[in-house]
Amino acid sequence: MLQEKITQYTQEIEAFKPSSAEDVEAFRLKFLVSKGIVKALFDEFKTVSSEEKRALGKVLNAFKQLAEQSYKDAAAEYTGGHTDRNKRTEGDLTLPGPGFALGSRHPLSLVRKEIVEIFKKLGFVVSEGKEIEDDWHNFTALNFAPEHPARDMQDTFFVKGGDTSEDLVLRTHTSSVQVRLMEMNQPPFRAIMPGRVYRNEAISARAHCFFHQIEGLYVDENVSFADLKQTLYHFVKELYGEDTKVRFRPSYFPFTEPSAEMDISCTICKGKGCQLCKHSGWVEILGCGMVDPQVLENCGIDSQKYSGFAFGMGIERITNLKYEIRDLRLFSENDVRFLSQFETELI
């Protein structure tokens, strides 16, 4: 019985003349798959007597080799890039392939761009600088005394100065760009300085070891605190809406005098009180003040003739309020589930 089946299927294989790739695939499915004829014959071979196994063993192996070689030869002709391959291809190969899914801008990039556009309308230009700074531009020129706490390792990342004996720092604010701007130019000038800054702080939902700032500087004759307030009033109304309330509180910064911090009514709770605003209804978004005359003199500008104002804000804080984001760590984790929420915010 087994011998007859082998003979019958051998004749069928020898007579196999495929005319398409479909014929080749049909041959494979009939003879070579796990439930095909070759496997079935080997299963049947296990049930025959020992005498029959000695006679049929070589014949069955030869049949298997014949089936495999026949398929291999047919596949090489019909699925190896020849006759019927183009016939089997569906679609027009001259058409462009499917496009890649568009990503989205990072929320920090969106807010930075929006802030820059607001101040550009007021005549401010964008000025950028390097992230590794020397002591003079990052501290001394800005009236930071040698014993100032910001110079301590708790707050600043220090970098060895390479071939020089001077220690460098990862800038702790973009005020260093203001110093270089004043050193290399003479008033009047208006500029904003966006960039990444670094502080040696523990990472949490409310703080990070690196973040982003935008600082502004306006130096000219007869610049007053009233100019500063009107500039910032306009900025807040443009960014958060006409209904946003603003207040200034006296503060202290080494490089401005007088100095102030500016608060806005909390955009999340609308002034009612929440965790973000510590239930006060107000959120501080920036520090500001009139440029200290000594800073002007340090940068080679006559403080008797010129005056100016400066301000600085963290882009993360602005973004938190605008998009109601409560964890700073989300900005740097590169989680696509978070970033995909801003797909419609392409600018």
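**Close-up 1. Packing of helix H3 against helix H4.** In this predicted model, the axes of helix H3 (residues 37-45) and H4 come within 11 Å and cross at roughly 170°, the axes being lines fitted to C-alpha atoms, for helices over the stretch in contact, with angles that run from 0 to 180 degrees between N-to-C directions. H3 and H4 are therefore roughly antiparallel to each other, given that angles over 145 degrees count as roughly antiparallel, those under 35 as roughly parallel, 65 to 115 as roughly perpendicular and the rest as oblique. From H3, Ile 37, Val 38, Leu 41, Phe 42 and Phe 45 meet a set of H4 residues that includes Leu 56, Leu 60, Phe 63 and Ala 67, where contact means heavy atoms within 4.5 Å. The residues of this contact of H3 with H4 divide into nine nonpolar, two polar and two charged; Ala, Val, Leu, Ile, Met, Phe, Trp, Tyr, Cys and Pro count as nonpolar, Asp, Glu, Lys and Arg as charged, and the others, Gly among them, as polar. Helices (H or I, at least four residues) and strands (E, at least two) are DSSP runs, numbered from the N terminus. Residues are numbered from 1 along each chain as its sequence is written. Local features need pLDDT of at least 70 and side-chain atom pairs count only at pLDDT 80 or more, while totals for chains, interfaces and linings use all residues, and side-chain values use heavy atoms, with hydrogens and water left out.

**Close-up 2. Packing of helix H1 against helix H4.** Helix H1 (residues 2-14) packs on helix H4 (residues 50-78) at an angle of about 25°, with the axes 10 Å apart, which makes H1 roughly parallel to H4. In H1, the residues that meet H4 include Leu 2, Ile 6, Tyr 9 and Ile 13, and their partners in H4 include Leu 56, Val 59, Leu 60 and Phe 63. This contact of H1 with H4 is made up of 10 nonpolar, three polar and one charged residues.

**Close-up 3. The second largest pocket.** About 230 Å³ of space lies in the second largest pocket; on a 1 Å grid over the protein atoms alone, a pocket is an open set of points with protein on both sides within 12 Å along at least five of seven lines, a cavity is a set of points where a 1.4 Å probe fits but cannot get out, and lining residues have an atom within 4 Å of a point. Grid points are joined across faces, edges and corners, and a volume is the space filled by probe spheres set on the points. Of the 16 lining residues, His 106, Leu 108, Phe 210, His 212 and Glu 316 are the closest to the centre of the pocket. Helix H6 (107-120), strand E5 (189-198), strand E6 (210-220) and helix H11 (315-323) are the elements that give two or more residues to the lining, which divides into six nonpolar, seven polar and three charged residues.

**Close-up 4. The largest cavity.** The structure holds one cavity of 30 Å³ or more, and the largest cavity has a volume of about 40 Å³. Among the residues that line the largest cavity are Leu 142, Gln 178, Met 182, Phe 255 and Thr 256, and the lining divides into six nonpolar, two polar and no charged residues.

**Close-up 5. Two cis peptide bonds.** A cis peptide bond with omega of about 5° joins Pro 187 and Pro 188, and Pro 188 has its place in the loop between helix H8 (175-184) and E5. The peptide bond from Glu 257 to Pro 258 is also cis, with omega near 0°, and Pro 258 lies in strand E8 (residues 256-265).
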